[in-house]
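Try each task yourself before you read its solution.

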Amino acid sequence: MIPEQSGRRPREESRRAPGVVRAERLRYPARSLVLLAGLPGAGKSTLLARLYDLDGGETGPVPAGEVRVIDSRQSRNWWARFLGPVPPRARTPLVHATHVVRIARAVLRGHSVVAHTRGTWPHILYGFAWLARRRGAGTHVILLDIPPPTARAGQYARGRVVTVGAFARHCRRWRSLVERARSGGLPPAASVTLLDREAADRLREIRFDGPPASGASR
């Protein structure tokens, strides 16, 4: 990943100790898989909607040139047409499975992909990284690190609230994930970028025209 700021290209962010990146553009090699991770309610869907002009009503991955933008609410919207009477919590396994399959399909088809993920399930990261390597591409992670109270408020604002116990587990796993990323402990990722709320608000574009990933750490 190469951040761009104020019309110039700063040096590549160190993967071993990523600090908060405050840039207007993030650049990645073509065909990369970029996973936007964060706590439930952190604002991942909001960020994708702003960057790619989504209206929230989409039911499938959105093409933006060669890029495929994949948000889990696209799968949620698709299933809502068929599972109206089913409680939202009961739909979750189907929604997550559909979301994962859509990301995997886009990666295997050779697209550049930007996808929403909670990020608190490490096996998902390893699985996606394996698929990307099969296509000669890298997996890059953007961590949207928002304080838990802010993420909790975001859940209420969107009308989908995670149970207290489930959210506590997410928070523990998230803090561990961020700490590992800061110390270089996300080996499947070619790069890790850390954003706080201010940095996320500053971001204007994710581009897939960066240098090849052949030299990236694995």
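**Exercise 1.** Is Arg31 buried, partly exposed or exposed?

*Solution.* Start with the relative accessible area of Arg31, which is 38%. Next, recall the cut-offs: with a 1.4 Å probe and protein chains only, buried means under 20%, exposed means over 50%, and partly exposed lies in between. Arg31 is therefore partly exposed. This is a predicted model, where local features need pLDDT of at least 70, side-chain atom pairs count only at pLDDT 80 or more, and totals for chains, interfaces and linings use all residues. Residues are numbered from 1 along each chain as its sequence is written, and side-chain values use heavy atoms, with hydrogens and water left out.

**Exercise 2.** Find where Arg31 and Asp53 sit, and describe their phi angles.

*Solution.* First, the background: most residues other than glycine have a negative phi. Now look at Arg31, whose phi is positive, near 75°. Arg31 belongs to the loop between β2 (25-27) and β3. Here strands (E, at least two residues) and helices (H or I, at least four) are DSSP runs, numbered from the N terminus. Then turn to Asp53, in the loop between α1 and β4 (62-64). Its phi is positive too, near 55°. Asp53 is exposed, with a relative accessible area of 71%.

**Exercise 3.** Describe the cavity: what is its volume, and which helix gives the most to its lining?

*Solution.* On a 1 Å grid over the protein atoms alone, a cavity is a set of points where a 1.4 Å probe fits but cannot get out; a pocket is an open set with protein on both sides within 12 Å along at least five of seven lines, and lining residues have an atom within 4 Å of a point. Grid points are joined across faces, edges and corners, and a volume is the space filled by probe spheres set on the points. The search finds one cavity of 30 Å³ or more, and the largest cavity holds about 110 Å³. Among its lining residues are Leu35, Trp121 and Leu186. Helix α4 gives the most, three residues. Sort the lining by class: ten nonpolar, two polar and no charged residues. Ala, Val, Leu, Ile, Met, Phe, Trp, Tyr, Cys and Pro count as nonpolar, Asp, Glu, Lys and Arg as charged, and the others, Gly among them, as polar.

**Exercise 4.** Which helix supplies the largest share of the lining of the largest pocket?

*Solution.* The largest pocket has a volume of about 1000 Å³. Its share from α3 is the largest, nine residues. By class, the lining has 13 nonpolar, 15 polar and eleven charged residues.
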